[in-house]
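Colleague: I am new to this structure. Could you show me how to read a helix and its surroundings?

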Amino acid sequence: MMNKAVIKSLLFALLLLPVLVPAQSKNNDWENPAYIELNKEKPHAVFMLFSNRQDVIADDYSRSSYYQSLNGNWKFTYVDKYADRITDFYRSDLDISKWNDIAVPSNWEMKGFGIPIYTNITYPHPRNPPFIGPNNPVGTYRKEFTIPDNWSGKEVLLHFASITGCAFVYVNGEKVGMSKVAKSPAEFNITKYLKKGKNLLAVQVFRWHDGSYMEDQDFWRLSGIERDVFLSAAPSTTIWDFFLKSDLDAQYKNGLFSADITLRNFTGSKAGPTIVSVDILDKAGKKIFSKQQKVVISGDSMQQVHFDGKISNPLKWNAETPNLYSCVITLKNGADEIYTGSKIGFRKVEIKNAQLHVNGVPVYVKGVNRHEHDDINGHVPSRELMLKDIQLMKQFNINAVRTSHYPNDVMWYKLCDEYGLYLVDEANIETHGMGVSYNQGLDTSIHPAYLPLWAPAHMDRIERLIERDKNHPSVIIW
């Protein structure tokens, strides 16, 4: 039997019609498509730094001294209309004794705050981009944390894997930044806002915003901090990003490997002697590739180091035989030695005579669309549920999945790499509610996909998808 909240949300979706609201003379921050973010770090691959090589291979963040999870219970308060929100929510002396507890990650509608809404094409808010109107729920979160003593002198990054809604982030009463892109990471450098002892993180999330016009997928509309939140530390000279390309030669026999590793220096002055090395290891831990370079890093800048080489007859990756290798990247700078990396798979994806080929073999795609959905937890599926999905797909001879219609949790990609599923990776861009053809009400004078003002927001979402997921062998189509 359906609960009352679900029935109410379905009736709401059926009754909701596209409605225009009066234009405003000055846009609110959450109704301004030119204001797509504030102080977010540029997108890059998601990884963790470790103190030893074996932890990279295990890929368990909890084993890293550079990692601190902020998942768990947060303080939370909710209002149905943005005008009723607490505007000084970031104050350290604010009385929050009557606030609720909420689990992070979660969707607040699944915890009893607001209404989950299912709708396909029709927007669950007035259709007048970029405006939303007064009926815009707001959820406000607070969390205290303490920085480990051994992080002294390091840069500290705050990472939200996904916030659905327009989020304003404060640390110790200071405005850190803003994010509007759901389903992609929002990362902020919070070093200068921190203090010894307890620190206060405060986040206010508006359910609807101008970016919601591009998030009109046919699924349950849910809100909140819905993926992992964590802090990570980085030494003054660090590995910042990497692009690992594990291709095959024209005969599909030998591996063609290249790595572009981005180093970042936070100090603004010349770094000491730096050595970067790249090793590829098989399942037994045997090195099949190893190279290193000496690098001179100067100034507060990014610097790229390139490696390439040939690997003799590696095991190939495809959906039937998902053979993976561990790529370990090491940076040694003075007394500091850090490790990171990723699993890689050697495969070549081509289209020949209008036929998809993987490793020179024609592939018949038997694919499904998959939403991130849990009956109880909403858009917060567990690892166990992901594995259950993969098992079900394998049982029914499914070999491909489209991440309809947004970047999925990074765990999904790692599992598809490991168990062998081809992924069609999709950006979080869908504007069905504005019309999809001229006979369905499309008006190019107001449609975000046709207006230059909205172009940076579209490009940002595409870039964040590709940069985050570029190292996964399972992604064969973007």
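Predicted model: local features only at pLDDT ≥ 70, side-chain atom pairs only at ≥ 80, totals over all residues.

Colleague: What follows α4?

Modeller: Glycine 420 does, and its phi is positive, near 90 degrees.

Colleague: Which residues of α4 are buried?

Modeller: First the general idea. An α-helix has 3.6 residues a turn, so residues three or four places apart point the same way. Now the case here. In α4, which spans residues 410-419, the buried residues are Trp412, Tyr413, Leu415, Cys416 and Asp417. Their cover includes the helices α3 (383-395) and α5 (455-469), along with strands β27 (400-402), β28 (422-424) and β29 (475-477).

Colleague: How do the axes of α3 and α4 cross?

Modeller: Two packed helices are described by the angle between their axes and the distance between the axes. Here the axes of α3 and α4 come within 10 Å and cross at roughly 40 degrees. Roughly parallel would need an angle under 35 degrees, so α3 is oblique to α4. The crossing is right-handed.

Colleague: Which residues make that contact?

Modeller: From α3 come Arg383, Met386, Leu387, Asp389, Ile390, Met393 and Lys394. From α4 come Met411, Trp412, Leu415, Cys416 and Tyr419. By class, the contact has 9 nonpolar, no polar and 3 charged residues.

Colleague: Now another spot. Is histidine 159 buried or exposed?

Modeller: Buried counts as under 20% relative accessibility; histidine 159 has 5%, so histidine 159 is buried. Histidine 159 lies in strand β7 (residues 155-160). Its contacts include Val46, Pro185 and Phe230.

Methods. Residues numbered from 1 in each chain as written. Heavy atoms only, no water. Buried < 20%, exposed > 50% of the residue type's maximum accessible area, 1.4 Å probe, protein only. Helix = DSSP H or I, 4+ residues; strand = E, 2+ residues; numbered from the N terminus. Contact = heavy atoms within 4.5 Å. Axes fitted to C-alpha atoms, helices over the stretch in contact; angles between N-to-C directions. Parallel < 35°, antiparallel > 145°, perpendicular 65-115°, else oblique. Left-handed = near helix turned anticlockwise from the far one by under 90°. Nonpolar A, V, L, I, M, F, W, Y, C, P; charged D, E, K, R; others polar.
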